[in-house]
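Okay, everyone, thanks for coming. Today I'd like to talk about aromatic rings and what surrounds them, so let's get the picture up.

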Amino acid sequence: MLAPVARTVHRHLDVDGVRVFYRESLPDRTDAPVLLLLHGFPSGSHQFRSLMEALGSHYRLIAPDHPGFGHTETPDGFTHSFDRLADITEGFVQRLGLDRFVMYVFDFGAPIGFRLAERHPEWIAGLVVQNGNAYEDGLSDTARGLLGLTPETPGAHDAIHAMLTLDGTRSQYETGVSSPDPVAPDGWTLDQHFLDLPGRKEAQQSLFFDYHSNVERYDDWQAWLRRHTPPTLITWGRHDPFFTEPGARAYLRDLPDAELHLFDTGHFALETHLPEIAPLIADFLDRAGK
């Protein structure tokens, strides 16, 4: 018997002057658990297409594009900071009427998601953490160098713009994978299309210069985890050049009951290990998403 094919819709929602694009699966059950998917740099909601196809018939998966990414449109003068991206995500969730969901946090989606969790702990039924760092243990030397840049750092603009080229984008998908064969070129090609749109490189530069605000809040987020102890599934590419394996293991200090699964891949673990990760998420949603 063929597995059911997920139905996915593609919509926009206006939030505080931002035209947020999002993808949403339409499961067969009206009471299906909800999974909010928060993407990372330099990608967008398209990074979750295969996961939505795999799970969307049974669960309600919702994946917005953050301001400065994908199909989301921002007004002139929008401030690209992690606080503002969290503001828009908060408004997006409220506009959709969500009041309880599991949150998937990846890369830049982690600091956005943890801000959301601090503001509304009652919303969070559980966490799926995939290479979403919240501990200094998980910052590689490469990450520390990039994320410590300021506008006054000599060569900072050139270092960031090197990350925003096609070679830089592609390397994030392929570094750390045992074989590039499973990694479709569509992901980095589409990412680069969006990065090359007017104003997008400036938006990304602003976020890089603001990343220190996330590291400064790590202690607060760790305290939040200890206080609220959300059910947590950690799936992590252990060869990530930015967010390293110790960052995955560090969650267990504050969440000793969390499930930890390490995979021999890089930053974009879903690109190479979807067949292994999707069933873990499904099982987790069945338990935590009720």
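Start with a cluster: Phe 41, Phe 69, Phe 82, Phe 108, Phe 208 and Tyr 211 are linked by ring pairs. Rings of Phe, Tyr and Trp (its six-membered ring) pair if their centres lie within 6.5 Å; planes under 30 degrees apart are stacked, over 60 edge-to-face, and the rest tilted.

Quick housekeeping: this is a predicted model, where local features need pLDDT of at least 70 and side-chain atom pairs pLDDT 80 or more, while totals for chains, interfaces and linings use all residues. Numbering runs from 1 along each chain as its sequence is written, and side-chain values use heavy atoms, with hydrogens and water left out.

In total there are 17 aromatic pairs. Take Phe 101 and Trp 123: the ring centres are 6.1 Å apart with the planes at 45 degrees, so we call that pair tilted.

What does it contact, leaving aside neighbours within four places in sequence? Val 34, Leu 36, Val 93, Leu 116, Trp 123, Ile 124, Ala 125 and Gly 126, where contact means heavy atoms within 4.5 Å.
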